[in-house]
Amino acid sequence: MAVEARAENTRRVLDVAALPRTVFGNQGLIWWGTTGFMVIEGSMFVIAIVVYFYLRLQVRDWPPSLPNPGLFYGTANLLTVIVSLLPAYIAKKKAEAFDLAGVRLWLAILVLFGVASVVLRFFEYFTLNCRWDDNAYGSIVWLLLGMHTVHVATDVVDSGVLLALAFLGPNTNNRFVDYSENSLYWYFIVAWWIPIYLTIYFMPRWL
Amino acid sequence: MIFRFGGDQSAFDPHGPIARSIATHGWWLLLVCIAVYFIVMTAFFIALARRRRETDDLPETSARLTRNVGIAVALTVLILIGIATSSVVAGRGLYSPSGAGAITVDVVGHQWWWDFQYHDITPSDVFTSPNELHIPVGVPVVLKAMSTDVIHSFWVPNLMGKRDLIPGIVTNTWIQADEPGVYRGQCAEFCGHQHAHMALQVVAEPMDKFQQWVRHQREPASEPSTDEEKRGKDVFMQSPCVTCHSIRGTDAGSHVGPELTHVGSRLTLAAGTLPNARGHLAGWIVNSQSIKPGNRMPPNALAPDDLQALLAYVRSLQ
Amino acid sequence: MSRRRVFVVAFCAVSLVAAACEREIRPFQTLAVASARTQKPVLSPLFPGGQPLPEPNESPFQQNAYGTAEGKRLFDQFNCTGCHSHGGGGMGPALMDDTWIYGSEPANIFESIVEGRPNGMPAWRNKIADQQVWQLVAYIQSMSGNEPIDVLPSRSDHMRYSTPENARRAQTPVQTHAP
Amino acid sequence: MSDFVHPIERRMAFTLTSEERLRRQLADTWYVPRGIVGWFSVADHKTIGRRYIITAFGFFIFAGILAGLMRIQLAVPNNHFVGPDLYNQIFTVHGTMMMFLFAVPVMEAMGVYLVPLMIGTRNIAFPRLNAFSYYVYLFGGVMLVATMLLNTAPDVGWFSYVPLAGPDYTPGKRADFWAQMITFTEVAALAVSVELVTTIFKTRAPGMSLNRMPLFVWSMLVTAFMVIFAMPTVVLCSTFLLLDRTVGTQFYNPAEGGDALLWQHLFWFFGHPEVYIIFVPALGIVSSIISAFTWRPIFGYPAMVMSLVATGFIGFGLWVHHMFATGLPALGLEYFTAASIVIAIPTGIQIFCWIASLWRGRPRFHTPLLFVLGFFAIFVLGGLSGVTLASVPFDLQVHDSYYVVAHFHYVLLGGAVFPLIGGIYFWFPKMTGRMMDDRLGKVNFWLFFIGFNVTFFPMHILGLEGMPRRIYTYPDSMGWGTLNLVSSLGALLLVLGGVLFVYNVVRSYAWGLVASDNPWGAETLEWATSSPPPVYNFLHIPVVEGRSALWNRSPDASVVTGIRSDVREVLLTDVMDAEPVTVTEYPEPSIWPFLCAVVTSAFFVGSIFTPWALPVAIPPLAVTLIGWFWPKKRDHAREMEEHAGDGTVPPEGRLRALREARA
């Protein structure tokens, strides 16, 4: 219209219409939320492990008057989750390539690994050879394992829901960001299992 | 004057080497801080009240301000370094006595009373003195701090700072009084219902009097002399008293509550709650819960004559 | 309808308050006045006849966390553990199981403590104040889980001797006959 | 980024009709839902922030009443007003509520309300999480109030030392409620911190690079990071406590390898940063007010920012100065003395910079500035008494005495609450569109200022006279009676001040003078929009040209276009320079976060009574979470036509399009 054409009614603008609506990694918000909670939970793990060593300093022999935890299920679990990094990685790549079929396939495989890990974890509790109320050692060991179990279980459920979404749709662009960040959280869980595994199963043998 | 820092528990009324070095250091701290406070406040009020000039927004003004702030920060740092150093200096010798301790006493915290256990090589000479710590004047006394239930904190402001009594942990500290006297202390870590009524007396005496006291404490309880006292002893032995309290030299040997072997000679009752007088003792025995609600001693409704007899006996335990 | 809802809400609130009060009150001197009954210093070893059974509702310590905890402390300090261990039993009968020889009512337990029982249980008359007896009664009931879950004690700051009271399965008392 | 697209700078015509159309469209896109369900679905940072602030002040009043009861009890020796059992509950709930349910939440609430406005965005990041955190916080606080009324309130002090707080010495459920209250408030605080960090890092208006961020936003950023690193510790140690009390774990049992000091280490590793978590946002408020009432930017911006960050770091290095009396090795103690003294330096720098700002500026003495000046007079004294406490020998005498009580009321009330009240007077026009009464405000200030000093200054002397804290009464012979009476009378003035404040708020809200957009002529972006701000905050997202967004704004300043107004689109910029990176979409209001909070709270309370609460809670929790994150069908349809519009690739054949883009 004529009115709009008049120069004095125009002003400088910064037009962002052309910016991409879908970005992966730390350019988007999901990454920041996920990372924020990974930092929080990470510092909880750090403190819990520090407490483990603090309690170890309180007594002469370790574990105090209890047998060492059995290695089998913990190690099996370690191997499982390490292998599961592969499907997680591929699922992430497929998501970033908007490859729905690939996401469905590898997310499903990831969920399977996750379930396997939870099942192995269930047996781990029986091979700890201690009760949470035996002594402080038992308490902190059960706490470490319990905290990590909660994380594994949560992310397995989470991945399961995402898998359902991948099949039910709608698979908007931003849904693929969720698929990709889901793998990021799984990396975090796997990465933390290594120090916790070493603490729970080898500190009693080494300290 | 409101700033007298008076009272029995003033940290600025020291009677021992530790408290004295802390008090000196403390005065310096306070003076420095008050000085700093007034300097900062002066600058602050000048900044508010000064007449505004046209030159205020010139860059050189900002430059001058930057310089002044820099100087202020530098001074702050210097003062803080001074404080840190003086604190470390004052802190020396706080933790262990210069010489060897004359004696060692276990300080045991209970809800809500103190037990001071005097050790000796001959087991029969070991004795305890509830709520009353006797020390010889002018010599350091080593204290082993421990607790049987919750965390308490041993604090006699005239003589020394705090030391927590923590269950499962035994720490050593020391105490010393320079002149004879009775110094009041109080539990300084919240320990439950009667934290407010958990006081103690430190009785500092010349060495010979102290030795005399120790010898007396080691003796078993005196036998009741009068009939009333004898009856009182029977009352004690056949009432709930005997289930918790011990009197050395009698059948009463339970250590649930404070030992009563020489209770008659003590200054206070119930951890500094009451002066040690017959009337207070009666009230305490009959219904201690009205005096110190929540303490561990149950009410004991005794027949009047039994109570009188019991009082006579307990008072006789000098 | 709405009035009904109001009523329900009010009822819940009241019961909540009641439960909380019963559990949390610290009845320091409730028994101070009434504590004379079993406590007469008896100067001759002869007892004049039996005592009337105290009413269980006299005790402010049933379903009361404070009383139960005090009872637990006294159970140690009065060396009940010497015979009953920590409820597992030894010279004396077990207290964490479901068998009760002399009755499981608070009044029965009170009497067992005050009057003593054959085969070794001493009479604590005049040795333990009523207030403390009632606290012991409350704890003894909790040993077999016969107190509300939120009143049962948890672990003590001692060496662990058995599963804490609040982790035990509640036993329904069974009255057996005196041996 | 390889496929990084730059925004286009050009000129564009605006007419009143187009502006009006935009305004209407934004208004119904960013609508705040109505009705009861709507009330619980709101996800707007202003509404939630306002509720947060009001709730926090509610708890402030409740805890203040408890403080009044304490002052009545202590006014005279051997008082029988309340017994030890009730008194212990009162001072525990007072401390707990002030620290966990008032101070920290109210500061984060100010952030929730102000940060998005100050950095020029439409809402806080993760708005649903924001709503969730509010309800969790609310329920946690209500739970603590309920325990107080049910005689089940914690009675072990606000730092609940074990073993006193352990299963053996606090029977019943009192300490369990304390431990769970911690979990409630920390979950809320952690969620808000993640939102704030993300909001500040990713959604700043174009041009607001980090070195142009307002100091208040800096202080909220530092606070959020401190929360993220400090609070996990207290969540963990209060969980240990709860487990010890309920399922018989042995963390704090020395007889079974546990340790009583473990609690103190963990608690104070959180507890000392906690003080700065409360105090750092107040510094931001002080800076905002000073710059607004001197009409000058704060002197030494870089130094101020550095000091804030330094405080955030050093704050984690001095927790042991709460444990000097425990008999830890002397060498370690001296290190912590040094650390505790070092933290005085950044604080000093800020004080001096503020004084310089006041010196250079032209102060206008309205109520907000008065409260800031009061902050100076009180906080400097509190800081100095803090320096004395850092010295081990002196601390051994005054630790856990009324000297400490005086100290932390000087730093927390003086250092945080005075600026906060000033901040309320300052931002009230922005939040409500009406000015607060300045004359009443001045009376209010003097009542607070005099009342505060009369109440708390004598406590220094009482402490030096050996009065320990947390005693429910004291014998006449100690000679503490006079000063305690004085202190209690001062508390009366504080109460009057509080009543006057509430009256002023209510009265001004109803009949106060209508406020313009920028009544104080302040510098930050929140004053660029109307008072109160529209639900969408800004009609056009502004482009920031300087550190003082409004004062350095050129007449022909640029604004952002190309953000859709028919869906909740928000511009994301990059962390350092706030260059536009992408446009993302915020979720609609939803009832699910509220339901999720209800389930979570039920679980927290239930777990106090039985561990079975966990398995019982998982299914409903999962349901609410899935409901929370479940996408809406219309997203897909919208995206189809959206991509028909703009230049980005359509949903199908993405791979092909991407390959072409790469080639």
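These entries record what I looked up in a predicted model, taken chain by chain and contact by contact.

**Entry: chain A against chain D**

I began with the contact between chains A and D, to which chain D gives 67 residues and chain A gives 51 residues. I then sorted the side of chain D that touches chain A by residue class, and found 37 nonpolar, 17 polar and 13 charged residues.

I next looked for strand pairing between these two chains. Strand E1 of chain A, residues 10–15, pairs with strand E2 of chain D, residues 559–561. The sense of this pairing is parallel, and three bridges make it up. I noted one bridge by name: A:Val13 has D:Val559 in E2(D) as its partner.

**Entry: the sheet in chain B**

I traced an open sheet of five strands in chain B. The strand order is E3-E2-E1-E5-E8, with mixed pairing. Which strands stand at the edges? I found E3 (127–128) and E8 (171–175) there; each has a single partner strand, so one side of each has no neighbour in the sheet.

E8(B) pairs with strand E5 of chain B, residues 141–147, in the antiparallel sense, and I recorded five bridges between the two. Within this pairing, B:Trp174 of E8(B) stands opposite B:Val142.

**Entry: helices H4 and H5 of chain D**

I turned to a helix pair, since two packed helices are described by the angle and the distance between their axes. For H4 (residues 84–118) and H5 (residues 127–149) of chain D, the axes come within 11 Å and the crossing angle is roughly 165 degrees. The crossing of H4(D) past H5(D) is left-handed.

I listed the residues that make the contact. H4(D) supplies D:Gln89, D:Val93, D:Thr96, D:Met97, D:Leu101, D:Pro105 and D:Val112. From H5(D) come D:Asn130, D:Tyr137, D:Gly141, D:Leu144 and D:Met148. By class, I recorded eight nonpolar and four polar residues in this contact, and no charged ones.

**Entry: chain C overall**

Read from the N terminus, the elements follow the order α-α-α-β-α-α-β. Chain C has 179 residues, of which 39% are buried. I also examined contacts in chain C between residues at least 6 apart in sequence: 69% of these join residues at least 24 apart.

Conventions. Residues are numbered from 1 along each chain as its sequence is written. Chains are lettered from A and ligands numbered from 1 in the order in which they are written. This is a predicted model: local features need pLDDT of at least 70, side-chain atom pairs count only at pLDDT 80 or more; totals for chains, interfaces and linings use all residues. Two residues are in contact if their C-beta atoms, placed from the backbone, lie within 7 Å. Ala, Val, Leu, Ile, Met, Phe, Trp, Tyr, Cys and Pro count as nonpolar, Asp, Glu, Lys and Arg as charged, and the others, Gly among them, as polar. Two strands pair if DSSP finds at least two bridges between them. Helices (H or I, at least four residues) and strands (E, at least two) are DSSP runs, numbered from the N terminus. Axes are lines fitted to C-alpha atoms, for helices over the stretch in contact, and angles run from 0 to 180 degrees between N-to-C directions. A crossing is left-handed if the near helix is turned anticlockwise from the far one by less than a right angle, and right-handed if clockwise. A residue is buried if 20 or more other C-beta atoms lie within 10 Å of its own, exposed if 12 or fewer, and partly exposed in between; C-beta atoms are placed from the backbone.
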